[in-house]
Amino acid sequence: NVAGQVMTDVMVNPPEPGDASYKQYRKEYDAVYNTYRKRAKNISAQLNEIPGMSCSPVHGAMYAFPRLHFSDKYIAHSKADGVDPDVRWCQMVLDKAGVLLIPGTGFGQREGTYHFRTTMLPMNEECIGRIAKFQENFDGKAE
């Protein structure tokens, strides 16, 4: 319990300028911050290169919400089966590419738009490559 209390105290009361550990703290903090900032920029840029999706720049979060652009035929087929198009697409990505994505339906997306949510932490070039390969072969059929 004591270790957890110490860690919590350090998180909510980080070293201040002039403290003995401030320079080291600032160096580590900036390194982590800049790594995630760069990763967020790269991930949104890479997702924008994938046909059928677009991603706004990520600001201040560890999540991206790329928009999926489906054909009217795919949307109608999915809805006829009683499945949200983004839910079906995410299930297919998991089945075919082995990448777990969260459908945007659960986040109250605007009517007529489709998204998925992904976190920056595990997302890397291999995951994005798998999504891109899936999307290249995705013909809009509701499998």
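V32 sits in helix 2, which covers residues 22-48; helices here are DSSP runs of H or I with at least four residues, strands are E runs of at least two, and both are numbered from the N terminus. The model is a predicted one, in which local features need pLDDT of at least 70, side-chain atom pairs count only at pLDDT 80 or more, and totals for chains, interfaces and linings use all residues. Residues are numbered from 1 along each chain as its sequence is written, and side-chain values use heavy atoms, leaving out hydrogens and water.

Helix 2 contains 27 residues and reaches 39 Å from its first C-alpha to its last, close to the 39 Å expected at 1.5 Å a residue (the expected span is 1.5 Å times one less than the number of residues). V32 counts as partly exposed because its relative accessibility is 46%; buried means under 20%, exposed over 50%, and partly exposed in between, with a 1.4 Å probe and protein chains only. By contrast, A40, I43, S44 and L47 of helix 2 are buried. The buried residues of this helix pack against strand 1 (53-54), strand 5 and helix 5, where contact means heavy atoms within 4.5 Å.

What lies inside? The largest nonpolar core has 27 residues, and those with the most contacts inside it include W89 and F116. Such a core is a set of buried Ala, Val, Leu, Ile, Met, Phe, Trp, Tyr and Cys residues joined through side-chain atoms within 4.5 Å. Helix 4 gives the most to this core, with five residues. Leaving aside residues up to four places away in sequence, F116 touches several residues, among them L47, M53 and W89.
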